Amino acid sequence: MAATKGKTSKKTSPVVNAYLFAYNFIQVLGWSYLLFQIVNFYLNPPKSQGLWDVVKYTVGIFQNAAFIEIFNVASGLVKSNLAVTTQQVLSRVALVAAIAYIPETSDSPGLPLALTAWCFAEITRYSYYGFNIIGFIPYLVIWARYTFFYVLYPVGVSGELLVYWTSLGYVGRTKMWSIEMPNKLNIAFSLWTAIVIVMLVYIPLFPQMYMHMVYQRKKTLGSPETKKVQKKVQ
């Protein structure tokens, strides 16, 4: 799932702006390369490799690099909600960990859905942030940022849930990373249950995030009614 929009401070130093711009620019390049890998995989499928074998290093590098965003918010370099930013970054990292460590998830039909949605969302988001830093955002980038989510959110969430669903069979059979009682610490943990809980959390969170973006779109682009009012005022 996508991260929350942040705004740099108006009094941010040139050095900080250069750092933030470089981070966003590198992320655009990284996610663009990942999209290229996905498209090329299906146009020229390798004989002995699956999609995850092709993209795992790119996903690992650029998704885990999002931890930098938590630092940026925590340090005040970017104005955003720290709790929301942390939750969104960790949710993606958890999914990547599920794909990396649970064998059957790499063949899940949800994998290409989630990764493709992530690519378009992140290329658009980081482009928006990068242009925002230099004080000029092309309308096409603004439109894409607040329009693509109509498709990307449902596709991405569906893909993520399919990946988690695929993992349940293997985790249930092997009791992977689970702790059963009795034991000396007198504690129990079920990874299968934890994954199910994560999946259930999507139910209340997805509508909230989706409607938040709908509101942000109306606020940023303006509804037809809003534009008519603005023209009359002008």
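Setting aside neighbours within four places in sequence, Ser-108 is in contact with Leu-162, Val-163 and Thr-166. Welcome to this predicted model.

**Ser-108**

- Ser-108 sits in the loop between helix H4 (82-101) and helix H5 (110-134).
- Its relative accessibility is 3%, so Ser-108 counts as buried.
- The side chain of Ser-108 makes a polar contact of 3.0 Å with the side chain of Thr-166.
- That side chain of Ser-108 also reaches the backbone oxygen of Leu-162, at 3.4 Å.

- Glu-104 and Arg-173 meet through their side chains in a salt bridge of 2.4 Å, N to O.
- This pair links distant parts of the chain, with Glu-104 in the loop between H4 and H5 and Arg-173 in helix H7 (residues 149-174), 69 residues apart.
- Glu-104 counts as partly exposed because its relative accessibility is 30%, while Arg-173, at 56%, counts as exposed.

**A buried network**

- Arg-92 and Glu-122 form a salt bridge between their side chains (3.3 Å, N to O).
- Here too, distant parts of the chain are linked: Arg-92 lies in helix H4 and Glu-122 in helix H5, 30 residues apart.
- Both Arg-92 and Glu-122 are buried.
- Glu-122 also forms a salt bridge with Arg-125, whose closest N and O atoms are 2.8 Å apart.
- Arg-125 and Glu-122 are 3 residues apart in helix H5, so about one helical turn separates them.
- Arg-125 counts as buried, at 2% relative accessibility.
- Through shared partners, salt bridges join Glu-69, Arg-92, Glu-122 and Arg-125 into one network.

Notes
Residues are numbered from 1 along each chain as its sequence is written. This is a predicted model: local features need pLDDT of at least 70, side-chain atom pairs count only at pLDDT 80 or more; totals for chains, interfaces and linings use all residues. Side-chain values use heavy atoms; hydrogens and water are left out. Helices (H or I, at least four residues) and strands (E, at least two) are DSSP runs, numbered from the N terminus. Buried means under 20% relative accessible area, exposed over 50%, partly exposed in between (1.4 Å probe, protein chains only). A polar contact is a pair of N or O atoms within 3.5 Å; within protein, one must be able to donate a hydrogen and the other to accept it, and residues adjacent in sequence count only if both atoms are side-chain atoms. Contact means heavy atoms within 4.5 Å. A salt bridge is a side-chain nitrogen of Lys or Arg within 4 Å of a carboxyl oxygen of Asp or Glu.
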